[in-house]
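Colleague: I would like to learn how to read a model like this one. Can we go through it feature by feature?

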Amino acid sequence: MSERHHVLDVPATIWLTGATSGIGNHLAEALLRDGHHLIASGRRREPLEQLASRFPHQVTVAPADTTDAHDLTRLKETFEAQAPVQMAILNAGTCEYLDVRHFSAEIVEKNMTTNFTGSVRSVEAVLPALREARQQDLPAHLVIVSSSAWWFPFGRAEGYGASKAALTYFAQSLRADLALEGIKVTVVSPGFVKTPLTERNDFPMPFLIQPNDAADRILKGLKKGATEIDFPKRFTLTLKLLGALPQRLVDAMAARMTRKSREDNP
Ligand SMILES: NC(=O)c1ccc[n+]([C@@H]2O[C@H](COP(=O)([O-])OP(=O)(O)OC[C@H]3O[C@@H](n4cnc5c(N)ncnc54)[C@H](OP(=O)(O)O)[C@@H]3O)[C@@H](O)[C@H]2O)c1
């Protein structure tokens with residue numbers, strides 16, 4: 001089967017989750033401006049309808065909770081009707097912080113359910129439609145929005161970081177398996193982006209970027225055919241360098257940051 005071009009070279013059908021807000025909403029706009037057809041998901045219908053009214057005939061409004069089996073079954077029917085789907089961008093996510101003084105496994109589970117299990121279930125739903133694209137000799141691409149947060153053991157991020165670490169491993173392992181079928185897998189690992197998800201953060205967010213900038217960087221990476229996209233480099237390179245230090249130094253740094261944050265926000 002041919003691998004001559006990328007999905008984004010010509011108008012294609014793309015499934016995007018988390019299209020109602022933040023990075024996903026800006027990605028949706030940019031993809032629609034480029035002439036693609038979007039199957040746009042999120043739990044809230046209204047922002048999806050707004051996209052559809054601004055880009056008539058280009059949007060299939062497909063509200064869904066990606067942790068809900070019934071919603072995913074409905075989505076699967078949509079994919080079957082619109083197959084081939086050439087790209088799926090699994091961007092839906094949440095960030096719930098743990099307060100270790102009131103340890104709650106539920107907080108960790110919420111992160112895992114939305115960010116990890118929801119994404120895995122989304123893969124199950126869309127894979128047949130991506131395979132259909134390959135059957136028709138078209139390129140097919142699965143894009144998984146993870147995070148660079150788990151590269152450093154930030155306090156309170158036990159649940160969020162664990163869910164994104166699991167998601168990244170899952171995606172990279174899946175990349176090995178799907179390579180046999182010519183389905184590309186890209187992992188996106190953003191730093192801090194100004195969205196409703198980070199609005200609640202009460203700590204300094206170094207190198208914070210705007211969501212339209214994040215969307216541009218993701219699309220630029222995808223158009224170049226990158227399998228790993230991380231940004232902004234000032235942040236992700238710093239994390240990579242810190243990660244190369246001995247663990248006890250990393251631990252001391254992380255504990256100091258947590259202590260400072262606790263003093264600032266008792
Ligand atoms: N902002 C950052 O600094 C940052 C950094 C690294 C990675 N990320 C990742 O980037 C992705 C987008 O985040 P964002 O910052 O743009 O956050 P956001 O503005 O809060 O958007 C999150 C999106 O996910 C959707 N969503 C959440 N739970 C869902 C569920 N159960 N089913 C379906 N959709 C669901 C939301 O839609 P509904 O509410 O309509 O369901 C919303 O569209 C996330 O995966 C996040 O972890 C963000």
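Modeller: Start with two helices. The crossing of α3 and α4 is right-handed. A crossing is right-handed if the near helix is turned clockwise from the far one by less than a right angle, and left-handed if anticlockwise. Helices (H or I, at least four residues) and strands (E, at least two) are DSSP runs, numbered from the N terminus.

Colleague: What should I know about the model itself?

Modeller: It is predicted: local features need pLDDT of at least 70, side-chain atom pairs count only at pLDDT 80 or more, and totals for chains, interfaces and linings use all residues. Residues are numbered from 1 along each chain as its sequence is written, and side-chain values use heavy atoms, with hydrogens and water left out.

Colleague: At what angle do the axes of α3 and α4 cross?

Modeller: Axes are lines fitted to C-alpha atoms, for helices over the stretch in contact, and angles run from 0 to 180 degrees between N-to-C directions. The axes of α3 (residues 69–82) and α4 (residues 105–135) cross at roughly 15° and come within 9 Å. That makes α3 roughly parallel to α4. The classes are: under 35 degrees roughly parallel, over 145 roughly antiparallel, 65 to 115 roughly perpendicular, the rest oblique.

Colleague: And α1 with α7: how do their axes cross?

Modeller: At roughly 60°, coming within 8 Å; α7 spans residues 211–223. So α1 is oblique to α7. This crossing of α1 and α7 is right-handed.

Colleague: Now the ligand. Which residues are closest to it?

Modeller: A residue is near a molecule if one of its heavy atoms lies within 4 Å of it. Here 30 residues surround the ligand, the closest being T20, S21, R43, V193 and T195. By class, the shell has 11 nonpolar, 15 polar and four charged residues. Nonpolar means Ala, Val, Leu, Ile, Met, Phe, Trp, Tyr, Cys and Pro; charged means Asp, Glu, Lys and Arg; the others, Gly among them, are polar.

Colleague: Which element gives the most to the shell?

Modeller: α6, with three residues.

Colleague: What is phi of H57 near?

Modeller: Near 70°, a positive value in a residue other than glycine. H57 lies in the loop between α2 (45–54) and β3 (59–61).
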